[in-house]
Amino acid sequence: MTAAAAMALGVLTLTALAPPAAVAAGRPDTVQQGLNALVQSDGLPAALASVKDRTGRTRDYTAGVGDVATGSKVPVDGQVRIGSSTKTFTAVVVLQLVGEGKIDLDAMVDTYLPNLVRGDGIDGQHITVRQLLQHTSGLPDYEDLVGEDIRGHRYFEPRDILDIALQRKAVFAPGKGWSYSNTNYVVAGLIVQKVTGRPFAEEVDRRVIQRIGLRHTYFPAPGDMTIRERHPHGYARDAADAPLRDVTELDPSVGWTAGQMISTNSDVNRFLAELLAGRLLPQAQLAQMRTTVPIGDTGAGYGLGIMSRPLSCGGVYWGHGGDIDGYETRGGVTEDGRAANVAVTGIPVDGAGTGRVEKVVDTALCR
């Protein structure tokens, strides 16, 4: 959501369940090299990764510093804000309710939230739940309408967020295009609450987090601006030559079901692996989730809260990245069980910088 932090410090650590063969043989580890470059060349204060390879071995990596002020080490597999990776969790809850017969993917939003979604070219009578999850609804995004000085310190109710979004007109008629919009997932979260009669945070905790034993993942409570466990600090800067600002503590409610959650790289890997293995959704709903529409000419596809991306070594991986003030995450899992998730403590200044984060994911999955 903000310009990236910049810091080039070479405090590098590598931990693993077993010594990487390449390192043991005296050859450099390509994942570690990739993280080092993100710190040294891209100027990100810290980079973390968790990688499960073809043999099932898991390795955790770090580079940089966890706190610029003190120079402290980056906590191995530390907690980070995962931003839009929250969307996959939200989609899983919705699809579980579809499997239970409580939500119909092709029902209109007004079936569950009558007269709520209305605006210029916007009518919940003509937008389906599927279109929300797949970003084909035409609902406008609200992210750039809420300045960092406001969103970092103010608590937003979900209806507040929706009201802000509906100040804009529709991007296109429902089903007539693809456009990424956080608003879609705010509406999806409201549907979950209406159908279950419970707060979304309770539903995702019961249905996903507790179900598969994600020990370091949670949906922050209203007013909680902290990160509970060991974590690297998150940073932003107002301009390329401006000093770093520590934005670790903030109110993430502006992201809500589109981007509020906190987790670790290894927990995200486990979540995605369990999801693809069919342990969170019935096969029918998992198949719907993995039915994608193209994202331009990128080679990537967007399903229902999950993306497929091509790998340089062939095949694809499934996951969902996330950006929120102070943190960016990228990663995913493959059909044969490989997994990689990378987090950096700042948002790269441009798409090329994000591409280099994604390149580390590709390197990890293709070794």
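Which residues form a disulfide? In this predicted model, C313 and C366 do, with their sulfur atoms 2.1 Å apart. The structure holds 1 disulfide. A disulfide is a covalent bond between the sulfur atoms of two cysteines. C313 sits in the loop between strand 12 (307-310) and strand 13 (316-319), while C366 belongs to helix 13, so the bond ties together parts that are 53 residues apart in sequence.

Helix 13 also takes part in a helix-helix contact. Two packed helices are described by the angle between their axes and the distance between the axes. Helix 13 (residues 351-366) packs with helix 2 (residues 30-40) at an angle of about 170 degrees. The two axes lie 9 Å apart. Because angles over 145 degrees count as roughly antiparallel, helix 2 is roughly antiparallel to helix 13. On the helix 2 side, the contact is made by T30, V31, G34, L35 and L38. These meet R356, V357, V360, T363 and A364 of helix 13. By class, the contact residues of the two helices divide into 6 nonpolar, 3 polar and 1 charged.

The largest cavity has a volume of about 50 Å³. Its lining consists of I82, S85, T88, F89, V268, F271, L272 and H320. Helix 3 (86-99) and helix 11 (265-276) are the elements that give two or more residues to this lining. Helix 11 gives the most, with 3 residues. The lining of the largest cavity has 5 nonpolar and 3 polar residues. No charged residue is found in the lining of the largest cavity.

The second largest cavity has a volume of about 40 Å³. The residues lining the second largest cavity are G121, I122, D123, I127, S137, G138, L139, A170, F172 and P174. By class, this lining has 6 nonpolar, 3 polar and 1 charged residues.

Helix 11 gives 3 residues to the lining of the largest cavity.

Note on methods. Residues are numbered from 1 along each chain as its sequence is written. This is a predicted model: local features need pLDDT of at least 70, side-chain atom pairs count only at pLDDT 80 or more; totals for chains, interfaces and linings use all residues. Side-chain values use heavy atoms; hydrogens and water are left out. On a 1 Å grid over the protein atoms alone, a cavity is a set of points where a 1.4 Å probe fits but cannot get out, and a pocket is an open set with protein on both sides within 12 Å along at least five of seven lines; lining residues have an atom within 4 Å of a point. Grid points are joined across faces, edges and corners, and a volume is the space filled by probe spheres set on the points. Helices (H or I, at least four residues) and strands (E, at least two) are DSSP runs, numbered from the N terminus. Ala, Val, Leu, Ile, Met, Phe, Trp, Tyr, Cys and Pro count as nonpolar, Asp, Glu, Lys and Arg as charged, and the others, Gly among them, as polar. Axes are lines fitted to C-alpha atoms, for helices over the stretch in contact, and angles run from 0 to 180 degrees between N-to-C directions. Angles under 35 degrees count as roughly parallel, over 145 as roughly antiparallel, 65 to 115 as roughly perpendicular and the rest as oblique. Contact means heavy atoms within 4.5 Å. A disulfide is a pair of cysteine sulfur atoms within 2.5 Å.
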